[in-house]
Amino acid sequence: MARFVTGKTFGTTETVTAALLNQAVNDAAISTDSVDNSTIEVNSNALRLKDSASASTGVTTAKIADNAVTTAKIAGNAVTLAKMATQADQTVLGNVSGGTAVPTAVPIVGAAGILVNNDSLGTDDTKGATQGNIKAFVENLIGTADKSGSGVVAEGTQGSITLGGGLIVKFGSVDVNSSSVTLTFKDSSGSNSPFPTAIYGVMVTAQEDAGSGAESAGVSDLALGSCTVKGYNSSSGGAVGRVFFIAIGH
């Protein structure tokens, strides 16, 4: 409790007058020894909280009640990054709980992270993909070819490319030395290679020889493992010779 010091000290034989009483009251002051001068101080005859930059003086943490500082008491943009708690490397503050929740440290990449490292990808509207996912996905769409050696399929041989989603393109050439031949689908090694599920169509082009009559080619009897290629040379009335083909299936 604060102690007051009178503004007038009377002598043992001094006459008490109204003026002296007024002086004793009006000039009274708060005694400095009534405060600890650490958290409370006397300033201009008034009590106030100690204003000090020292960690040992002023209002310490112990003097502030738990939950005393509310959101309304924090100024906008007052919480700096340096005042925030540290968090693990490669994490961000976020919420991936599926509902309203207090933000937590969320991994950037991970099964429960912002980005999910899964080369198969999917149709999730709330998950991102890593560079590796996208690269693997695109490479899968490009597909793989069975071409061997230099990677060039020579005339008279065949090859195939399997695209993303299972679409298959077979290509090559066949010699039509009679009115028609059976084209058996093979891979670049010469092994039989039929379409697993369906064949959508075959396009054929006859090789034109300079000075000869018009040459044409057609295809019929489509099957998963073969088709019939027909050719005609208007000059000789016979077989067309070499025919190039592209077959598409699944």
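**Exercise 1. A patch on the surface**

Which residues make the nonpolar surface patch of about 870 Å²?

*Solution.* The model under study is a predicted one. Step 1: list the members. The patch is made by Leu 49, Val 59, Ile 64, Val 69, Ile 74, Val 79, Leu 81, Met 84 and Leu 93. Ile 64 is found in the loop that runs between strand E4 (46-49) and strand E5 (91-94). Step 3: classify Ile 64. Its relative accessible area is 41%, so Ile 64 is partly exposed.

**Exercise 2. The chain as a whole**

State how many helices and strands the chain has, and what share of its residues is buried.

*Solution.* Step 1: take the secondary structure. The chain has 2 helices and 16 strands. Step 2: turn to burial, for which the cut-off is a relative accessible area under 20%. Of the 250 residues, 19% count as buried. Step 3: consider the surface. The accessible surface of the chain is about 16600 Å², and 55% of this belongs to carbon and sulfur atoms. Step 4: consider the contacts. Among contacts in the chain with a separation of 6 or more, 42% are accounted for by residues 24 or more positions apart.

**Exercise 3. The span of a helix**

Determine what span helix H2 (residues 131-142) should have, and compare it with the distance between its end C-alpha atoms.

*Solution.* Step 1: find the expected value. The span is 1.5 Å times one less than the number of residues, so the 12 residues of H2 should span 16 Å. Step 2: compare. Step 3: look at what comes after the helix. H2 is followed by Gly 143, which has a positive phi, near 90 degrees.

**Exercise 4. Salt bridges**

Identify the residues that form the salt bridges, and describe how accessible Glu 14, Lys 8 and Asp 175 are.

*Solution.* Side chains of opposite charge can pair when their charged atoms come close. Step 2: count. The chain has 2 salt bridges. Step 3: describe one of them. Lys 8 and Glu 14 form a salt bridge through their side chains, with an N to O distance of 3.0 Å. Lys 8 has a relative accessible area of 19% and is therefore buried, whereas Glu 14, at 31%, counts as partly exposed. Step 4: describe the salt bridge of Asp 175 and Arg 242, whose closest N and O atoms are 2.7 Å apart. Asp 175 belongs to strand E11 (residues 168-176) and Arg 242 to strand E16 (residues 241-249), so this pair ties together parts that are 67 residues apart in sequence. Asp 175 is partly exposed, at 34% relative accessible area.

**Exercise 5. The largest nonpolar core**

*Solution.* Step 1: name them. In this core of 17 residues, they are Phe 185, Val 202 and Val 229. Step 2: find the strands involved. At least two residues of the core come from each of E11, strand E12 (180-184), strand E13 (199-206), strand E15 (226-233) and E16. E13 gives the most, with 4 residues. Step 3: examine Val 229. Beyond its neighbours within four places in sequence, Val 229 is in contact with residues including Val 174, Val 176, Leu 183 and Val 243.

**Exercise 6. Positive phi**

What is the phi of Gln 90, and what is that of Asp 221?

*Solution.* Step 1: recall the general rule. Most residues other than glycine have a negative phi. Step 2: give the values. Gln 90 has a positive phi of about 60 degrees, and Asp 221 has a positive phi near 55 degrees. Step 3: locate the residues. Gln 90 is in the loop between E4 and E5, while Asp 221 is in the loop between strand E14 (215-220) and E15. Step 4: classify them with the cut-off of over 50% for exposed residues. Gln 90 is exposed at 52%, and Asp 221 is exposed at 55%.

Terms used:
Residues numbered from 1 in each chain as written. Predicted model: local features only at pLDDT ≥ 70, side-chain atom pairs only at ≥ 80, totals over all residues. Heavy atoms only, no water. Buried < 20%, exposed > 50% of the residue type's maximum accessible area, 1.4 Å probe, protein only. Contact = heavy atoms within 4.5 Å. Areas by Shrake-Rupley, 256 points an atom, 1.4 Å probe, with all protein chains shown as cover. Salt bridge = Lys/Arg side-chain N within 4 Å of Asp/Glu carboxyl O. Patch = residues over 30% accessible without salt bridge, like charges linked within 9 Å, V, L, I, M, F, W, Y side chains within 5 Å. Core = buried A, V, L, I, M, F, W, Y, C linked by side-chain atoms within 4.5 Å.
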